[in-house]
Amino acid sequence: MVDQSIILIGGPDSGKTNYLARLWKALNSQHGVLFAPNVPGDIRYVEEALAHLLQGIFAPRSDKNFDEIKQSFSVPVVSTNDPSAKQIQVVVPDVTGELWQTAVETCELPEQWMTKLRNASGALVFVRIGSDQNVEPLDWVTADQLLKMPAVDICPEQKDIQKIPTQVLLCELIRFLEYSLAADLDNVRPRVAILVTAWDRLDMESRGNGPSAYIAEQYPLLAGRLNDISEFDIRVFGVSIVGGDFIDPAFQEEFFKADLKDVGYVDLEENGKVQTKSDVTLPVAWVISASDCSEQ
Ligand SMILES: Nc1nc2c(ncn2[C@@H]2O[C@H](COP(=O)(O)OP(=O)(O)O)[C@@H](O)[C@H]2O)c(=O)[nH]1
Ligand SMILES: [Mg+2]
């Protein structure tokens, strides 16, 4: 068996844990291009998140005190089209978003995680539509309080403007990846999938324009940065883990009539067109495929 670890990266509330839960369902039910031939050891944490989805609610944000290592999901996968191919042990640590945020704020990532990045062959970078944790960049409207002289006490809602804007956070995370991803691996050209989660929250027109166009419009700084990367391959995916939002009672009702393995989708760009695929394993399959340059 070949071991490949891929790292989940994203700020708090970016959809990492819920995606992992839905991914596990897909791997377990042989419903995508990747499947898990056997159930791995300790997956209590992913099973717990999955139990929430089955009840028609998103898994809540993880307890910050939860032991980070226990939040690692390690599963052997194999290509559904070629079950006799070698199994790949995919190890996916789900680190709390706070770790990535602190790393950007302090420009330091703990040594333990730096080592993990250096030994990972790829990464999934998460950014979520509609998260109240997203921080817009400063502009002349949102910064009006700061620009007033003399300095006034900043009211609570203005405190947000002191936080790092989401796209700056994402650019910094990309910088960590540039320096360290797969650095300790030979013959590996790493792959990074950008997952725009809660894709179902978009209007049809924006959805039709595709995930790359969304990034270009919402996070132009990040889009420019992504065009400038030579260390790894990048692909952007729009991901909806259940195909809608449980906040909508009509959707929830429909959801209960279906099977979890049949709901949810990934939008991706292929041959210049936006395609919708009902296979949430696709971003992982893309990241772990063809990362060994010596085999190409
Ligand atoms: N509508 C919708 N919301 C989602 C989806 N995935 C995640 N979310 C929302 O994002 C929130 C945070 O997700 P979570 O997985 O806890 O993020 P994490 O902190 O990065 O692990 C959830 O509570 C949901 O409200 C999705 O596919 N669709
Ligand atoms: Mg989480």
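In the predicted model, Arg207 is placed in helix α8, which spans residues 204–209. With a relative accessible area of 15%, Arg207 falls under the 20% limit and is therefore classed as buried. When residues up to four places away in sequence are set aside, Arg207 touches Trp199, Leu202, Tyr265, Asp267, Val274 and Thr276. For one of these residues, Tyr265, a polar contact of 3.2 Å links its side chain to that of Arg207.

The strand arrangement is that of an open sheet of nine strands with mixed pairing, in the order β2-β3-β4-β1-β5-β6-β7-β8-β9. Its edges are formed by β2 (34–35) and β9 (273–277), each of which pairs on one side only. Within this sheet, strand β7 (residues 233–240) and strand β8 (residues 265–270) run in the antiparallel sense and are paired over three bridges. Asp267, a residue also touched by Arg207, is the bridge partner of Gly238 and belongs to β8.

Ligand 1 is surrounded by 18 residues, of which Asp13, Lys16, Asn18, Arg128 and Asp200 are the closest. A polar backbone atom of Asp13 lies 2.8 Å from an oxygen atom of ligand 1, and an N or O atom in the side chain of Thr17 is found 2.9 Å from an oxygen atom of the ligand. A nitrogen atom of ligand 1, in turn, is 2.8 Å from a polar side-chain atom of Asp200.

Terms used. Residues are numbered from 1 along each chain as its sequence is written. Chains are lettered from A and ligands numbered from 1 in the order in which they are written. This is a predicted model: local features need pLDDT of at least 70, side-chain atom pairs count only at pLDDT 80 or more; totals for chains, interfaces and linings use all residues. Side-chain values use heavy atoms; hydrogens and water are left out. Two strands pair if DSSP finds at least two bridges between them. Helices (H or I, at least four residues) and strands (E, at least two) are DSSP runs, numbered from the N terminus. Buried means under 20% relative accessible area, exposed over 50%, partly exposed in between (1.4 Å probe, protein chains only). A polar contact is a pair of N or O atoms within 3.5 Å; within protein, one must be able to donate a hydrogen and the other to accept it, and residues adjacent in sequence count only if both atoms are side-chain atoms. Contact means heavy atoms within 4.5 Å. A residue is near a molecule or strand if one of its heavy atoms lies within 4 Å of it.
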